[in-house]
Amino acid sequence: MLLPIVGIGMNSAMDDINLIQQAQRHHLVVRELGEEIDLEIGPGDDDPSFASTPLIGGTPQEPSAEEHDDAKNMAMASHLSNEDQDMSKMQPMKRKKKVIKRWREEWADTYKWAYVDVKEGTARIFCSVCREYGRKHRRNPYGNEGSRNMQMSALEEHNNSLLHKEALRLQMASKDKIIVEKPIYVKALMSKTAGSIIEAALKRDPHEIEFIQSVQEVVHALERVIAKNSHYVNIMERMLEPERMIVFRVPWVDDGGGTHVNRGFRVQFNQALGPCRGGIRFHPSMNLSIAKFLGFEQTLRNALSPYKLGGAAGGSDFDPKGKSDNEIMRFCQSFMNEIYRYLGPDKDLPSEEMGVGTREMGYLFGQYRRLAGHFQGSFSGPRIFWSGSSLRTEATGYGLVFFAQLILADMNKELKGLRCAVSGSGKIAMHVLEKLIAFGALPITVSDSKGYLVDEDGFDYMKISFLRDIKAQHRSLRDYSKTYARSKYYDEAKPWNERCDIAFPCASQNEIDQSDAINLVNSGCRILVEGSNMPCTTEAVDVLRKANVLIAPAMAAGAGGVVAGELELNHECNLMHWSPEDFESKLQEALKQTYQRALKAATDFGYQKESPEALVHGAVISAFLTIAQAMTDQGCV
């Protein structure tokens, strides 16, 4: 008598498993909070035969005691009268099920972690993160088995388990190992010689997408230089290989006594002009490709500046968000334990970058001082070690606005009254807003990883102070719109479709893709000032150039940070206090020299001053020729 009951139970369980599999391959229609939604269940879009193909093969196995109890309960519930069974057969199978949005949100992660596999001949629902199964994983996410409270307790129990948390952390930490399937966009080059440089880089580092993209832009700008002197091909090939790449593990202990490990990087790209300077980035997406691309860009930026410096970059896939001060301190000290031997005022001095601020730089320098046994120089960033400039952290953001002012001055225009779209909401973006307001411009947007905020009335100093408070409290920019009625926050969107005259992308690399570039052109943008390194994809750059949008490259416009960093290390500067006015004067003068050098190099190689690519090509040409001369003078280095 038990055999038919078991069969019924197993079939019902298999139907539930099939239901989960189908739910994983389909979308949910989301509406307002608390409203009922339709859960569409149908054939998989990616496999037309999905509906008619059995997910799991094999004959049913003898159930466990626990499964036997579940099957017995399910069989008892399925004992209908013959009349009811006939009526149910005549009715079409329901393809939709009403689910309360609140429960749908709580179960959102289910579709990510659940998958079906056969364990010892029995179908199980596994967690895709920790690869384990259990009673809680066999629960149907639609609420067909057991109470919702029971299911949610089981899911919470699993997600809070140490096994799951450690597996999830390792999964996040290894993202840089995943080979991105997106093909690398290779631009057409006029010169076969220039094309051979790209081919060699692709062959050597085929999976380093960010680095290859940066190399392409530089080689494209140098086509006329290479065509005039084939000697530069050899220089370029050597220059594209970093002098030193350091990859190391960074173990650290959290506040609960748990141990963790992250990966650290430092790429000292080129020291032909002098000791290295470059940022340290702490972000989960950090990998060797990004470290190389940042180091390459920094090398060119330093060469274009008035100072003789080499370029470097580095960081870790460590995420400082949500970590305590003690955890960040322990991580920074562990990071410095490995990297300190490669640092020094005459070797390499790191500076702030994404995820690294005054706090992190203080911890890094403190450990460096203990290990090195001396107090020679300081890292670029923490004011507590330097009594000179009071505008260190503002230098990069202010410099972007000064550079935009130089461009407009050549057009006989000024910033006053111009609408400016700014992305990002970190240090650089906030200081860009400050200086735009000082010049009478109208900054209207900021953004974060979840969306962007637009204020049609424009930001003022009081609003910027409020934005800083929001960011300091780790709140969403959406809270701003609750205070200012004329503002609006857009989820999962970028600010590039807002009407503007000048754009300041200050978030991260490749934040502007082809569709964003089209939106910018249609929004009336005429000038784009790069605040972040390589903010535009290659396709986006093509769109902007064809639309005659003038691009101010980050290696030129972002030189303010280099200038302030060197003033920090200047002995004369340390003996006196610069007023904000004096410092801004020096910053403007340095940026003016950088601007003029870029324009002169562009005109020397036949680019019109009004051309949208004049500044980009001119900056690369000037920086490359400076480095190439040093490498030629020093022999085969």
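Predicted model: local features only at pLDDT ≥ 70, side-chain atom pairs only at ≥ 80, totals over all residues.
Helix 16 covers residues 427–438 and helix 17 covers residues 461–472; their axes come within 10 Å and cross at roughly 175°. Helices here are DSSP runs of H or I with at least four residues, strands are runs of E with at least two, and both are numbered from the N terminus. The axes are lines fitted to C-alpha atoms over the stretch in contact, with angles from 0 to 180 degrees between N-to-C directions. Helix 16 and helix 17 are therefore roughly antiparallel, a term used for angles over 145 degrees.

Which residues make the contact? From helix 16 they are M430, H431, L433, E434, I437 and A438, and from helix 17 they are Y461, I464, L467 and R468. Contact means heavy atoms within 4.5 Å. By type, these residues are seven nonpolar, one polar and two charged.

Next, S289, which sits in helix 12, residues 288–304. Is S289 buried or exposed? S289 counts as buried because its relative accessibility is 5%, and buried means under 20% relative accessible area with a 1.4 Å probe, protein chains only. Beyond its neighbours within four places in sequence, S289 touches E208, I209, E210 and F211.

Now the whole chain. The protein chain has 25 helices and 17 strands, and buried residues are 51% of its 637 residues. Of the contacts between residues at least 6 apart in sequence, 70% join residues at least 24 apart.

On conventions, residues are numbered from 1 along each chain as its sequence is written. Local features need pLDDT of at least 70, side-chain atom pairs count only at pLDDT 80 or more, totals for chains, interfaces and linings use all residues, and side-chain values use heavy atoms, leaving out hydrogens and water.

Conventions. Buried < 20%, exposed > 50% of the residue type's maximum accessible area, 1.4 Å probe, protein only. Parallel < 35°, antiparallel > 145°, perpendicular 65-115°, else oblique. Nonpolar A, V, L, I, M, F, W, Y, C, P; charged D, E, K, R; others polar.
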